[in-house]
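Me: I'd like to go through a model with you. Can you put it up, and then I'll ask about bits of it?

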Amino acid sequence: MSRLAGAVHLVTTDGPGGRAGFTASAVCSVSDAPPMLLVCINRGSSAHGAFSRNESLCVSTLGADHEGLAALFGGRTDMERRFATGTWRTLRTGAPALADALAAFDGRIVARHAVGTHDVLYCAVEAVASVGEADALLYGERRYRRLPRVPRPAETPAVGSA
C-alpha cells in the first residue's frame, strides 16, 4: 500500500466527541453532485473516538510547506499540541479548517462503514475554501514529496511579453 501515493490532508473534527485531527492520504472525491468525499480513519488511531461521536469534519489539503504539520498530526502527539500549531478557522460545520491550506472541504458525515482496520466516512461537503496556489504535498513510499504547481495555460505569459 505504501506505493499508492496520494495528496496529504489534515482531517479534523470538533463536537460532542471533542476536537481531534489526523494526517490522511486516504481521501477522495465520491461525487460532484452533490459534492461528497470519502475519508478513511484507522479504528486504532487516537482520533477515532472523536470522529465516531462527531457529525462533521473538515479535510484541509496541504501544501508542500506543511510537511512539519503533517508529521505532527500523523504522530503520537496529543491533540492540544497538534492544534497549537498552525492557524485555524471554521467554515460552516464548526470543524477546524487550516487557514492556509490549499483547499478546505467542510462537511457532514452522512454514512460510516467498517472495512478491515478502518472506518470509511462519507461526507456531504457544505463549504469549500481555497487560499491560492502552491506546490502540493504528497506521500508515497513512506516519505513526503513535493508536487510542483504547473501554471494553467491562461496564467502562462504570452511569447515576447515582459
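Me: Where is L62 found?
Reply: L62 lies in the loop between β6 (56–61) and α2. Helices (H or I, at least four residues) and strands (E, at least two) are DSSP runs, numbered from the N terminus.

Me: What kind of model is this, and how are residues numbered?
Reply: This is a predicted model, where local features need pLDDT of at least 70, side-chain atom pairs count only at pLDDT 80 or more, and totals for chains, interfaces and linings use all residues. Residues are numbered from 1 along each chain as its sequence is written, and side-chain values use heavy atoms, with hydrogens and water left out.

Me: Back to L62. Buried or exposed?
Reply: L62 is buried, with a relative accessible area of 0%. Buried means under 20% relative accessible area, exposed over 50%, and partly exposed in between (1.4 Å probe, protein chains only).

Me: What does L62 touch?
Reply: Not counting residues up to four places away in sequence, L62 touches V8, H9, L10, A70, L98, L102, A136 and L137. Contact means heavy atoms within 4.5 Å.

Me: And how far is L62 from T13?
Reply: Their C-alpha atoms are separated by 17 Å, with L62 and T13 49 residues apart along the chain.

Me: New topic. How many aromatic pairs are there?
Reply: The structure holds 5 aromatic pairs. Rings of Phe, Tyr and Trp (its six-membered ring) pair if their centres lie within 6.5 Å; planes under 30 degrees apart count as stacked, over 60 as edge-to-face and the rest as tilted.

Me: Why is the pair F73 and F83 edge-to-face?
Reply: Because the planes of F73 and F83 are at 80°, the pair is edge-to-face, and the ring centres are 5.3 Å apart. F73 is in helix α2 (residues 67–74) and F83 in helix α3 (residues 79–84), 10 residues apart, so the pair links distant parts of the chain.

Me: What about F73 and W88?
Reply: F73 and W88 form a tilted aromatic pair, 5.7 Å centre to centre with 45° between the planes. W88 sits in strand β7 (residues 88–90), 15 residues from F73 in helix α2, and this pair too links distant parts of the chain. W88 is buried, as is F73. F73, F83 and W88 form one aromatic cluster.

Me: Where is V30, and what is in contact with it?
Reply: V30 is in strand β4 (residues 27–32). Leaving aside neighbours within four places in sequence, V30 is in contact with M36, L37, L38 and Y122. V30 is partly exposed, with a relative accessible area of 42%.

Me: How far is V30 from L98?
Reply: V30 and L98 are 22 Å apart in space, C-alpha to C-alpha, and 68 residues apart in sequence.

Me: Now the whole chain. How many helices and strands?
Reply: The chain has 3 helices and 12 strands. Buried residues make up 41% of its 162 residues.

Me: How does the radius of gyration of the chain look?
Reply: The chain has 16 Å, which agrees with the value near 15 Å that a compact globule of 162 residues would have. The radius of gyration is taken over C-alpha atoms, and the globule rule is 2.2 Å times the number of residues to the power 0.38.

Me: What box do the C-alpha atoms fill?
Reply: Roughly 60 × 35 × 30 Å, taken along the principal axes.
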